[in-house]
Amino acid sequence: MIGFGTDEFPAFFTRSSGFGVNRRIDHVEKLASLIRVRRELGQRGGVVVANPIPLHAELDPALADSAIETALVEAKHRGVTGKELTPFLLERVRVLTDDASLTANVALILNNADVAARLAVELAEG
């Protein structure tokens with residue numbers, strides 16, 4: 001697992017989870033180079049790139065943890081499981097954070113799209 005600009009696997013709404021990554025890479029050019037070398041060596045499979053939420057969009061970790069814990073308890077009490085669990089949790093966390101989690105999630109998606117696009121260009125050019 002590669003940490004893009006991070007030494008730690010990011011949590012969903014925060015930049016930190018407490019879990020490390022196998023390797024940190026800070027530049028998309030280096031990430032593309034690593035992927036090319038894997039291909040040249042015949043390694044199969046994908047590369048997990050852990051790209052954290054931008055610093056300005058990160059939720060307060062205490063708020064995120066509290067909202068997630070509350071949502072999980074509510075899901076258990078209501079018997080929400082399976083494919084209904086993720087949408088339930090996201091909606092409850094959105095409500096419990098007064099939409100801050102939704103704003104953070106959009107920022108994360110846009111950041112992931114930006115990194116993915118830059119990586120795709122780098123791979124196409126190389």
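Phe19 sits in strand 3, residues 19-20; strands here are DSSP runs of E with at least two residues, helices are runs of H or I with at least four, and both are numbered from the N terminus. This is a predicted model, in which local features need pLDDT of at least 70 and side-chain atom pairs count only at pLDDT 80 or more, while totals for chains, interfaces and linings use all residues. Residues are numbered from 1 along each chain as its sequence is written, and side-chain values use heavy atoms, with hydrogens and water left out.

Back to Phe19. Its relative accessible area is 60%, so Phe19 is exposed. The classes are buried for under 20%, exposed for over 50%, and partly exposed in between, with a 1.4 Å probe and protein chains only. Together with Met1, Phe9 and Val48, Phe19 makes a nonpolar surface patch of about 380 Å². Patch members have over 30% relative accessible area and no salt bridge; nonpolar side chains (Val, Leu, Ile, Met, Phe, Trp, Tyr) are joined within 5 Å, and like charges within 9 Å. The areas come from the Shrake-Rupley method with a 1.4 Å probe, and for residues only the protein chains shown count as cover.

Next, the charged pairs. How many salt bridges does the structure hold? There are six, each defined as a side-chain nitrogen of Lys or Arg within 4 Å of a carboxyl oxygen of Asp or Glu.

One of them joins Asp7 and Arg24, at 3.1 Å from N to O. Asp7 is in the loop between strand 1 (2-4) and strand 2 (8-9), and Arg24 is in strand 4 (residues 23-25), so this pair ties together parts that are 17 residues apart in sequence. Asp7 counts as exposed at 52% relative accessibility, whereas Arg24 counts as partly exposed at 37%.

Arg24 also meets Asp26 in a salt bridge, at 2.6 Å from N to O. Asp26 has a relative accessible area of 41% and is partly exposed.

The last pair I will show is Asp114 with Arg118, a salt bridge at 3.1 Å, N to O. Where do these two residues lie? Both are in helix 4 (residues 100-125), four residues apart, which is about one turn of the helix. Asp114 is partly exposed at 38% relative accessible area, and Arg118 is partly exposed at 37%.
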